[in-house]
Amino acid sequence: MDLKNKIFTGHALEILKEIPDCSVNMCITSPPYWCLRDYNTNPAKWNDGWEGELGAEPNFEQYINHLCDIFDEVKRVLKDDGSCWVNIGDTYGGSCLGITSGGKVKGKTSFLPDNLDYLPRVAHARGKHSKSLLLIPFRFAVEMMNRGWTVRNVIIWHKPNATPASVKDRFTVDFEYLFFFTKKKKYYFEQQFEPIKDSTIRRCKTGCGINKGANYCGLKKENFEKVQQKILDGTIKGRNKRTVWQISTKGYKGTHFATYPQDLIDTPIKACCPEGGIVLDPFIGSGTTAVVAEKLKRNWLGIELNPEYTQLAEERINAKS
Ligand SMILES: C[S@@+](CC[C@H](N)C(=O)[O-])C[C@H]1O[C@@H](n2cnc3c(N)ncnc32)[C@H](O)[C@@H]1O
């Protein structure tokens with residue numbers, strides 16, 4: 001099976017089963033969030049009897065299990081030094097996105113059509129924790145740990161251009177999570193840097209405020225002196241990259257929605273996949289992962305359930321946009 005630079009159309013769980021063990025370097029993806037959108041994909045049959053799409057389960061426990069069943073397969077196909085990055089958002093209980101507890105759709109909703117028999121259950125499940133964040137990203141991360149993954153970082157993706165909310169009794173949410181999991185404790189990782197603050201450079205150059213007290217910018221004196229020398233020589237690459245990343249959302253002109261920005265996945269790919277390696281995205285949507293992987297001289301492998309999105313992604317990848 002040639003795994004390079006192809007999108008397989010089908011259910012992620014089924015397609016992943018066809019991929020040999022230890023064959024990809026990293027996975028980066030954004031799965032459908034629970035109860036948020038209808039991707040108009042064909043219902044699939046799960047082992048627990050659920051015949052519906054991922055993200056439209058009657059409760060979030062079932063959604064997390066389905067998701068983690070897919071990531072069990074991702075773990076199998078990852079090389080032993082591989083890692084897995086997952087962008088996943090949260091949901092407030094009770095809002096039901098215009099679905100009443102009787103299962104009727106009130107007005108315009110981006111979610112499910114109203115002729116599905118599980119709709120009342122979905123509405124009910126969301127109603128259970130009315131007004132509360134459901135903490136789905138963390139429930140998911142805990143289940144991933146239970147299934148053997150190591151959680152190395154939680155990245156906060158801060159969106160400076162987040163959509164304003166009309167709420168007045170809480171704050172407007174302007175971030176999402178990006179989880180960094182590894183298969184084993186030792187893994188491929190190319191350190192990534194960010195610019196050193198001007199104030200630190202100034203202090204290093206002048207020595208001002210450094211030598212009087214025990215404050216060596218949080219470093220031991222001897223390490224500080226090494227860093228200071230590199231700053232003075234101009235040979236330092238920067239400081240180790242931090243975990244809050246400020247990246248604006250960017251609309252994509254194609255018909256797919258819920259794309260992630262190219263800048264969000266650039267750093268993880270550089271850090272966790274060597275040049276010439278393979279980046280897997282089991283929910284590739286409009287193909288953002290493939291576009292960035294190609295720009296960074298990595299191979300990629302995508303899976304997408306909806307054939308229309310596969311076609312859209314292929315056109316986008318060919319256009320390198
Ligand atoms: C949040 S979108 C991914 C967007 C992508 N990161 C991008 O930038 O375009 C999730 C995608 O997963 C697809 N999907 C939903 N259920 C799936 C399944 N069981 N297997 C594979 N793909 C699935 C949806 O059709 C949708 O395109």
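In which loop is Leu-135 found? Leu-135 lies in the loop between helix H3 (119-127) and H4; helices here are DSSP runs of H or I with at least four residues, strands are runs of E with at least two, and both are numbered from the N terminus.

Residues are numbered from 1 along each chain as its sequence is written, and side-chain values use heavy atoms, with hydrogens and water left out.

The pLDDT is the predictor's confidence in each residue, from 0 to 100. For the protein its mean is 85, and 81% of the residues reach 70 or more. Over residues 107-118 it stays under 50, and the model has 25 contacts there beyond four places in sequence; a contact means heavy atoms within 4.5 Å. Where pLDDT is low, the predicted coordinates should not be read in detail.

Leu-135 has a positive phi of about 55° although it is not a glycine. At 45% relative accessibility, Leu-135 counts as partly exposed; the terms are buried for under 20% relative accessible area, exposed for over 50%, and partly exposed in between, with a 1.4 Å probe and protein chains only. Lys-297, in the loop between helix H8 (288-295) and S12, is also not a glycine and has a positive phi, near 65°. Lys-297 is exposed, with a relative accessible area of 58%.

H2 has 18 residues and reaches 26 Å from its first C-alpha to its last, close to the 26 Å expected at 1.5 Å a residue; the expected span is 1.5 Å times one less than the number of residues. Of its 18 residues, 13 are buried, so H2 is largely enclosed by the rest of the structure. At the start of H2, a side-chain oxygen of Asn-59 comes to within 3.4 Å of the backbone nitrogen of Glu-61.

Which residues of H6 are buried? They are Phe-224, Gln-228 and Ile-231. Seen down the axis of H6, the buried residues fall within an arc of 60°, so they line one face of the helix; the arc is that of the directions from the helix axis to the C-beta atoms. An α-helix has 3.6 residues a turn, so residues three or four places apart point the same way. The buried residues of H6 pack against helix H5 (198-206). Just after H6, Gly-234 takes a positive phi of about 75°.

We turn now to Trp-300, which is found in strand S12 (residues 299-304). Trp-300 is buried, with a relative accessible area of 4%. How many residues apart in sequence are Trp-300 and Leu-3? They are 297 residues apart in sequence, and 7.9 Å apart in space, C-alpha to C-alpha. Not counting residues up to four places away in sequence, Trp-300 touches several others, including Leu-3, Ile-7, Ile-278 and Ile-317. The side chains of Trp-300 and Glu-294 are joined by a polar contact of 2.9 Å; such a contact is a pair of N or O atoms within 3.5 Å, where, within protein, one must be able to donate a hydrogen and the other to accept it, and residues adjacent in sequence count only if both atoms are side-chain atoms.

Finally, the charged pairs. Side chains of opposite charge can pair when their charged atoms come close. Twelve salt bridges are found in a search of the whole structure; each is a side-chain nitrogen of Lys or Arg within 4 Å of a carboxyl oxygen of Asp or Glu. One of them joins Asp-69 and Arg-147, at 2.8 Å from N to O. This pair links distant parts of the chain, 78 residues apart: Asp-69 is in helix H2 (residues 60-77), and Arg-147 is in the loop between helix H4 (136-146) and strand S6 (150-158). Asp-69, Asp-72, Glu-143 and Arg-147 are linked in a network of salt bridges.

Notes: This is a predicted model: local features need pLDDT of at least 70, side-chain atom pairs count only at pLDDT 80 or more; totals for chains, interfaces and linings use all residues.
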